[in-house]
Amino acid sequence: MIRVQFQRRGGRFSAVEIAGHSGYGDAGTDIVCAAVSSAFMLIANGITEVLKAPAQVQVGEDGFARLSLTGGAEAAQQMLQALCLHLEALAETYPSNIHVTISEV
């Protein structure tokens, strides 16, 4: 299962962390993993390369990815909110394969 955790401080997004594999399909053909990975990379590149907002992005092994905002750009907040809505919709469609949580830190 893919586990997605959004972190908020004072009601504002500060980070998103993704870990795991959906198990929906074989490696290379798993549409749930592909959807999550593609959405994350779109938002990460949009925040860091298009908006030039201060953020740290980590991508590692076994489906791990993390984006941490290091500044308060409003457009970056909106992009993380869009990612959250998208991943929550995926979780509704594939509840056995992806789980999304939002925590206040």
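**Exercise 1. The largest pocket**

Determine how much space lies in the largest pocket of this predicted model, and which residues line the pocket.

*Solution.* Step 1: the space in the largest pocket amounts to about 180 Å³. Step 2: the lining consists of 14 residues, and those closest to the centre of the pocket are Ile 18, Ser 37, Gly 63, Phe 64 and Ala 65. Step 3: helix H1 (residues 31-50) supplies the largest share of this lining, 5 residues.

**Exercise 2. Val 16**

State where Val 16 is placed, decide whether Val 16 is buried or exposed, and list its contacts.

*Solution.* Step 1: Val 16 belongs to strand E2 (residues 12-19). Step 2: the relative accessible area of Val 16 is 0%. Because buried means under 20%, Val 16 is classed as buried. Step 3: setting aside residues up to four places away in sequence, Val 16 touches Val 4, Gln 5, Phe 6, Phe 40, Ala 65, Arg 66, Leu 67, Leu 80 and Leu 83.

**Exercise 3. The largest nonpolar core**

Identify the residues that touch the most other members of the largest nonpolar core, and the elements that contribute to this core.

*Solution.* Step 1: the core has 28 residues, of which Val 4, Phe 6, Val 16, Leu 80, Leu 87 and Ile 98 touch the most other members. Step 2: two or more residues come from each of strand E1 (2-9), E2, H1, strand E4 (65-69), helix H2 (74-93) and strand E5 (98-104). Step 3: H1 gives the most, with 8 residues. Step 4: Leu 87, neighbours within four places in sequence excluded, is in contact with Val 4, Phe 6, Ile 18, Val 36, Ile 98 and Val 100.

Note on methods:
Residues numbered from 1 in each chain as written. Predicted model: local features only at pLDDT ≥ 70, side-chain atom pairs only at ≥ 80, totals over all residues. Heavy atoms only, no water. 1 Å grid on protein atoms, 1.4 Å probe; cavity = no way out; pocket = protein on both sides within 12 Å on 5 of 7 lines; lining within 4 Å. Points joined across faces, edges and corners; volume = space filled by probe spheres on them. Helix = DSSP H or I, 4+ residues; strand = E, 2+ residues; numbered from the N terminus. Buried < 20%, exposed > 50% of the residue type's maximum accessible area, 1.4 Å probe, protein only. Contact = heavy atoms within 4.5 Å. Core = buried A, V, L, I, M, F, W, Y, C linked by side-chain atoms within 4.5 Å.
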